[in-house]
Amino acid sequence: MKRLIIVCFLLCFPMLATASGGSIELMKSGYDIHDKDSLRKGAKLYIDSCASCHAAKYMRYQRIAKDLEMTDEDVMTNLVRYGATKLSDTIPSAMTAEMGETAFGVAPPDLTLEANYRGADWVYTYLMSFYKDEKASTGYNNHLMPDVAMPWVLAYAQSSKSEEEFKTEMRDLTNFMVYMAEPIRPYRENMGKYVLGFLVILLIPTWLLKNEYWKDIH
Ligand code: HEC
């Protein structure tokens, strides 16, 4: 049994190591899915800078409007793009998989579940890890995902802002991607607090009842 566990561990270890791509230490994203203002900014950034290549086909605009407390007009004007026409549409991308493959050699993946698949800190670190590299076909490379095919679309934004400002934007963007990967999560976490509160209150009558029952037995 012991040997089996060791073998499993040894087999899993390289898989875990390669699953994260490069070997640099991950930065803390510091995201907060209860911060609606940050989520709204992240949504705008996603649509403006990422959705041209990356669809999020499991996320519906309607849901964003409701969860992020945005008006329908606001969502229609600022977030509905690239062939989407109504609130019941999901987030499309401006490019087909074939176009992506022709342009970058690999189709940009759908990012709805990316933050769950890779983890929030991975996404944040990835966005913070692009650097100039003359040998790369796009002129940029990434410490976390070496030889990445994605062009560094925020190069200008990054160079024209202070580091703090850019970090905040990437935190907002990561935050939105975390929310998008599991939109029910803020609700679930809030519900968890009520459930715990309820259990604590329930403890009092349960304890009194227990005393009452045991009185005769003692
Ligand atoms: C011009 C097209 C394009 C744009 C715009 C773009 N990406 Fe990408 N992205 C790609 C391509 C192509 C890949 C695949 C890279 C590879 O596999 O080497 C990719 C890969 C990724 C990955 C890694 C996926 C994985 O787990 O393997 C993440 C995360 C990502 N992009 C996030 C973003 C975010 C966030 C934005 C917006 C700031 C964005 N991308 C904008 C083309 C794009």
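I first wrote down that a pocket, on a 1 Å grid over the protein atoms alone, is an open set of points with protein on both sides within 12 Å along at least five of seven lines, and that a molecule sits in one if more than half of its atoms lie within 2 Å of its grid points. By this rule the ligand sits in the largest pocket.

This is a predicted model, in which local features need pLDDT of at least 70 and side-chain atom pairs pLDDT 80 or more, while totals for chains, interfaces and linings use all residues. Residues are numbered from 1 along each chain as its sequence is written, and side-chain values use heavy atoms, without hydrogens and water.

Next I looked up the shell: 25 residues surround the ligand, each with a heavy atom within 4 Å of it. The closest are Cys-50, Cys-53, His-54, Glu-114 and Met-150.

I then checked polar contacts (pairs of N or O atoms within 3.5 Å). An N or O atom in the side chain of Glu-114 is 2.6 Å from a ligand oxygen. A polar side-chain atom of Arg-118 lies 2.8 Å from an oxygen atom of the ligand, and for Ala-149 a polar backbone atom is 2.8 Å from a ligand oxygen.

Is Ser-93 buried or exposed? I noted that Ser-93 counts as buried because its relative accessibility is 16%, and buried means under 20% relative accessible area (1.4 Å probe, protein chains only). The side chain of Ser-93 reaches the backbone oxygen of Met-95 at 2.8 Å.

Key:
A polar contact is a pair of N or O atoms within 3.5 Å; within protein, one must be able to donate a hydrogen and the other to accept it, and residues adjacent in sequence count only if both atoms are side-chain atoms. On a 1 Å grid over the protein atoms alone, a cavity is a set of points where a 1.4 Å probe fits but cannot get out, and a pocket is an open set with protein on both sides within 12 Å along at least five of seven lines; lining residues have an atom within 4 Å of a point. Buried means under 20% relative accessible area, exposed over 50%, partly exposed in between (1.4 Å probe, protein chains only).
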